[in-house]
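Dear colleague,

I am passing on the structure we spoke about, and my notes on it follow below. Please read them with the coordinates open beside you.

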Amino acid sequence: MMNYNNNDLGCTYYNDRTVFKVWSPDAANVRVQLYKTGSDSEEGAQKLESYGLKLDPNTGVWCVTVFGDLKDLYYTYLVTVCGKTQETQDVYSKALGVNGRRSMVCDMKSTDPEGWNEDKHVYVKYPTDAVIWEVHVGDFSGSPSSGVSPEHRGKYLAFTEKGTTVNGEGKRPTCLDYLIKLGVTHVHLNPVYDFDSVDEASGEGYNWGYDPANYNVPEGSYSTNPYDGNTRIREFKEMVKALHDAGIGVIMDVVYNHTSSIDSCFNRTVPDYYYRKYGDRYLNSSGCGNVFASEKPMARNFIVNSVAYWANEYHIDGFRFDLMGCIDTTTMNLVRLTLDEIDPRILIYGEPWTADLGENGIAFDDACVKENAYKLSSRVAMFNDSFRNALKGNNDDSSIGYIQGNNHNIYYVISGILACSSSTFLKWAKKPTQCITYNSAHDNLTLWDKLLKSSGMDDYDSTDEHVLAMNKLSAALVFTSQGTPFILAGEEMARTKHGDHNSYKSPLSVNAIDWTRTRKYRNLVNYYRGLIEIRKLFSPLREATTVTVNNTYFETDGRCIAYTVPNITHGEWDMMAIAFNNGNEPAKITLKSHITLPESWVVIADGDRAGTEQIKHLDGNSISIPPMTALILVDGHSFLKCGGTLPEKKQEPKKSEPETLQDEMSGEKAAEEPERETVNEPAVSE
Ligand code: CA
């Protein structure tokens, strides 16, 4: 089948003409049908002209130029193939009418909000510098407790509201102001492309949106007017700009592994091409009835051009690939290369699994699963589920992990602390940049609900000290580990969905963030905020290479875990020690290191609080850890050297220039490690 590599499919608007181009090599006939509105139920609905497109037999592309100003007119294609004519919206739609049934001719420039030209991407230098907060647009502000104005609740524009407080009482900040205080670097948005499951006309219903309909257009139900194709685009950009203005990057959850239905614009335009089939049967590694054939050239082109479009048109700073195991490694590396041309700091990570690997239809060796991480760029990261399970037990049952006192998987915990980048411990990642370190996401029980369930409790508003201690142990483990830390929005306020482990279509009463919990669980929120602050001030925790992995010295008695992390970065603390006791009795552990240990330590995090202030002073290296406690210690000398507090501003790390971000996948052979001095060889003691 012939392919087409130019990036001009879809409709291209000029004020005196519009060019329509669609790839459909097997079609016998293609027409474009213009409409006045996005649906027939709207006032002023009218069917306008239709125009025949002409096939270029060399490329399979059908094309027509329609003269006149077509701005804001809606259109569909009538595609005749295999003797059947079907009407469909454009596979390459940039704008849509209500519920995405008709595409719209859009003057994209006119959708830009004020100041959009000055809007800049928000990047971190290395993926491991990011702190990611995963949120659903509806959940963010859907509760009145968000303090967001009623007309913006659950909408893109909620992100643009400043000065919001819990219940509008003027005390505790919510939403954007809250995020600035919390210190996360990136907001990860659950699907915001156009999905099928929420009726945009009624605005009723709730869904996570893992049922893509139109990949290159924002979802309409989050806009204030889903009928006007321009509104959702403009409001989406306003959301991005508001987050950028607050210094926060925006990551999109992208679901290129399947479409909402087999009866999609793809299948109506080029029947069966875009899906994997076995005989007459659609394969189902997505678990949703079809799987997108990422390995086919035009499907691959579609994915690559789609992410580039979001990065360029909407200034998106990162992408999270749903069921990345359904996608082939060649495509994901091409996504990386393509985004590198825009900026190598754009984040990419994904789920390294499928719903059913036997139904994947591509060779195991080609799938983006952990076993094939070595084939991927070290800046295509994967969720570390083995760390997650070792920390808290299985997602939804009452099993327990390390934070609830189970020591059977302690080596999975240690390997996770090292982002699975150490050959000593269960390595699959090339470098920490390839690992997403986390303990909760939108799927499954919230961390709080899981901790309650595994403790045999069901009071979701509990303030049980023991459960809170487990939660803090989890947070301390995630934020002091290598890799990129990631949390479900509200994990830091003991977010509950009342035990609902799969809330994808549950109502807002279950899903929306209850911002009053920032008051009730303020000690926990402050603990997370303090950990983020610590992480930002001590660069070895954010190391992009394996230098810290190789210099970290572990000590464990099979229950407590302690490790020391040296640092030679100028202007920062010289060494950190981190110790965990998951038992109900105090424990003692002796710290060790490859280099000389300090004579004294300053405690900056304990079971109660975390931050950059001295909690207490300790002499020597034999450390007592209270029950159910994480301790973070800083070498006393360098702490005092910084005046007993911390430098006002973190100095630019004086490391030698680490690996170029254009890593091995760009074809350039990059240095495997920076020329930074390795303090010592890796070693572990039992
Ligand atoms: Ca929709």
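Gly571 is partly exposed, at a relative accessible area of 27%, where buried means under 20% relative accessible area, exposed over 50%, and partly exposed in between, computed with a 1.4 Å probe on protein chains only. The residue sits in the loop between β23 (561-566) and β24 (575-581), and its C-alpha lies 40 Å from that of Asp514, the two being 57 residues apart in sequence.

Before going further, please note that this is a predicted model, in which local features need pLDDT of at least 70 and side-chain atom pairs count only at pLDDT 80 or more, while totals for chains, interfaces and linings use all residues. Residues are numbered from 1 along each chain as its sequence is written, and side-chain values use heavy atoms, with hydrogens and water left out. Helices (H or I, at least four residues) and strands (E, at least two) are DSSP runs, numbered from the N terminus.

The calcium ion has as its protein donors Asp194 (OD), Phe195 (O), Glu200 (OE) and Glu219 (OE), which lie 2.2 to 2.3 Å from the ion; donors are N, O and S atoms within 2.8 Å of the metal (3.2 Å for Na, K and Ca), and since water is not among the atoms, sites may look incomplete. Along the chain these donors follow the spacing D-F-x4-E-x18-E. Asp194 belongs to strand β12 (residues 193-195) and Glu219 to the loop between β13 (212-218) and α3 (229-245), so this pair ties together parts that are 25 residues apart in sequence. Asp194 is buried, at 0% relative accessibility, and Glu219 is likewise buried, with a relative accessible area of 0%.

Turning to the helices, α7 (residues 385-392) and α8 (residues 410-417) pack at an angle of about 130 degrees with their axes 8 Å apart, the axes being lines fitted to C-alpha atoms, for helices over the stretch in contact, and the angles running from 0 to 180 degrees between N-to-C directions. That makes α7 oblique to α8, given that angles under 35 degrees count as roughly parallel, over 145 as roughly antiparallel, 65 to 115 as roughly perpendicular and the rest as oblique. Ser386, Phe387, Ala390 and Leu391 of α7 meet Tyr412, Val413, Gly416 and Ile417 of α8, where contact means heavy atoms within 4.5 Å.

The loop between α8 and β20 (435-438) holds Cys420, which has a positive phi of about 50 degrees although it is not a glycine, and which counts as buried at 1% relative accessibility. Leu426 is found in the loop between α8 and β20; this residue has a positive phi of about 45 degrees, again without being a glycine, but Leu426 is partly exposed, at 43% relative accessibility.

In helix α9 (residues 447-454), 7 of the 8 residues are buried, so α9 is largely enclosed by the rest of the structure. The cover over its buried residues includes α7, α10 (465-479), α12 (517-520) and α13 (522-537). Just after α9, Gly456 takes a positive phi of about 70 degrees.

Lastly, Arg336 lies in helix α6 (residues 329-342) and is buried, at 1% relative accessibility. Leaving aside residues up to four places away in sequence, its contacts include Asp343, Leu347, Ser377 and Arg379.

With best wishes
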